[in-house]
Every structure is written in C-alpha cells, then in structure tokens.
Amino acid sequence: MTTVTDRAALRDALGLLKDREQVAERLLESSAKHSFDPDKELDWDAPTIEGKYYWPPELLSLYDTPLWKKMGEEQRIELSRHEAAALGSLGIWFEIILMQLLTRHIYDKPLTSSHVRYALTEIADECRHSMMFARMIQKGGAPEYPVSRLNHNLARILKTVSTTPGSFACTLLGEEILDWMQRLTFPDERVQPLVRGVTRIHVIEEARHVRYAREELRRQMITAPRWERELTRVSCGQAARVFSLAFVNGRVYENIGLDRAEATAQVKASGHRREVMQTGAKRLTDFLDDIGVLRGVGRKLWQSSGLLA
C-alpha cells in the first residue's frame, strides 16, 4: 500500500524515494561521462556484411511460425532488415512523443533546478537517438515504416491530455521493452555491426532515462490526486494495447513477398512471440504492479495487450 509519511520523505512499496535533485545530479554526472555522438562514434561508411542479420532471429515477429519454417535464410535476413527499419521508425515516433511530454513536464518547474536540467539533457539525447535511428534505416536500405494513421492520431490525443504520471508510465512502456530487445542485440555477433553499435549507444544512454522516469513516476503515484492516478492506470493500459500492436507493421510482410493477412495471423497465434513480448515487458510490469499502476481496468487492458499474462 502506497503511503505518504511526511512532506519531506516519501515512501511507497519499494521503499523511501530519493531526493529529486540528488537523482538528477547523479544522472547529469553520468551523462557527462557516458554520452555519445553517433555521427562520430559509429562507422557509417562501412559496408554491410553479407549473411548477417539486422535483428536477432529469435526477436523477429515470425520466428518459429509455420511461415518462418518455410522461409529460406535469405528471406529471413530480409525480414530482419525490414523489421529493424520498422522498429527504428517506431522508436523515432515514440521519442518525438517523449520529447513533447518532457517539455510539458518541466514547463512549470524551477528553471535552474537539476531536475529540469536533466530533462533538457534527456531531450538532447532523444534528438540524437532519433537522428541515429533515421540514419540506420537509410543505411540499411529498407523504407521507413510510420505507425498507422489511427495510432498516429491516438498519440496526438495522448500528448494533449496525458497526466504527468501517465506521461512517465508511457515513457517507460516505450523505453523498457525496446531496451530489453536491444540488450540482446548489441552483443549478438550474428547481427550487422552498425545495428549492434546503434543499440549499444541506445542501451547505455537509455539506462539514465529509465531511472529518471521510474523515480518520477513513483513520486507522482504518491503525490498525484486520486482521479489522476486512476486516469493514469487506464491511459497506461490503453497505451500498452496501442504499443503492442505497433510493434508489428504489416507492410513489412508485403515488402518481402509474404501474404500480409496470413503473416499477421501467424504472429498473433505465435506462442513464442507472446513469450518474447511478455518477457520483454516483465521488468516493467513488475515495477508498475509494485507502485500501484496495474489495478482495475488498467490491469485488464494490459492483459488484453498481450504484454501481461
């Protein structure tokens, strides 16, 4: 049960919250030591290596489906090239949303605080990440894969009406599942070196972003009014439904010569895919459960998204 002990010390089911300014100062120190310029850090002129994947096979949407078993190695690699572009496109879409939510969050905060300074630092990180993903897509030669018009416009509504705790819950939803996938990608020698380099940079810098969002969401779930916490539970659950669907872009299948309807149906029925998504989300869902986000209608929405068993 979440409680407020006093105005100076806030405590939830995970323990005592750290001082907001102290957290930001540590994150700023880490940013100064471990930030990257992808344009200089990565070898963008190196040729791609024939026979290497663009994403680990086990993380591809069709892995272990009947269609996968019929595909030759060349078509499987082609699937990975297009799915890496689709995930890069998804990442750019999400990071543009995140940057807008962060600027909203700090609009009324003290301008010289470390909390605001770190938010601005994170926005700068996300700008670099978006440009890095775009360049990776171009280098791979696959097209960009925007989300559906429906999801694009739903996100427009989210950016307008999201509560502060809702914004940080959605931030974690977008960051932690992709982060889990990328942690498996950058050490995988079956994957193209450039993709491994991109995911390595993203994992290192996103670790700070996750810490910032987790600490602030914990604070918000204690201090926000009840109606705002309830709205956050529902909006976060709905965001989970949208995000889980956005992970699969049907145009990928068409572009590699597969029947879109058949491929989509096989992904939906795939026990392996369901396990991948739930495993990728588990660290996040455990955290959200601990701090009281996964309750009531919101929990049912998460379950219907396929990200929570």
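1. In this predicted model, a nonpolar surface patch is formed by Leu150, Leu154, Ile157 and Val161, which together have about 380 Å² of accessible area. Val161 belongs to helix H6 (residues 149-161) and is exposed, at a relative accessible area of 54%.

2. The disulfide count is zero. A disulfide requires two cysteine sulfur atoms within 2.5 Å. For Cys127, the closest cysteine sulfur is that of Cys170, 20 Å away and too far for a bond. For Cys236, the closest is also in Cys170, at 5.5 Å, which is again too far for a bond. Cys127 is partly exposed, with 34% relative accessibility, whereas Cys236 is buried at 0%.

3. The structure contains 19 salt bridges. One of them joins Arg81 to Glu78, with the closest N and O atoms 2.6 Å apart. These residues are three apart in helix H4 (residues 73-106), so about one helical turn separates them. Arg81 is buried, at 17% relative accessibility, while Glu78 is partly exposed, at 26%.

4. Glu176 pairs with Arg214 in a salt bridge whose closest N and O atoms are 2.9 Å apart. Because Glu176 lies in helix H7 (residues 164-185) and Arg214 in helix H8 (residues 193-223), this pair ties together parts 38 residues apart in sequence. Both residues are buried.

5. Glu176 also forms a salt bridge with Arg283 (3.0 Å, N to O). Arg283 lies in helix H12 (residues 271-290), so the link from helix H7 ties together parts that are 107 residues apart in sequence. Glu176 is buried, with a relative accessible area of 5%, but Arg283 is exposed, at 53%.

6. A network of salt bridges links Asp12, Arg211, Glu215 and Arg218.

Notes
Residues numbered from 1 in each chain as written. Predicted model: local features only at pLDDT ≥ 70, side-chain atom pairs only at ≥ 80, totals over all residues. Heavy atoms only, no water. Patch = residues over 30% accessible without salt bridge, like charges linked within 9 Å, V, L, I, M, F, W, Y side chains within 5 Å. Areas by Shrake-Rupley, 256 points an atom, 1.4 Å probe, with all protein chains shown as cover. Salt bridge = Lys/Arg side-chain N within 4 Å of Asp/Glu carboxyl O. Helix = DSSP H or I, 4+ residues; strand = E, 2+ residues; numbered from the N terminus. Buried < 20%, exposed > 50% of the residue type's maximum accessible area, 1.4 Å probe, protein only.
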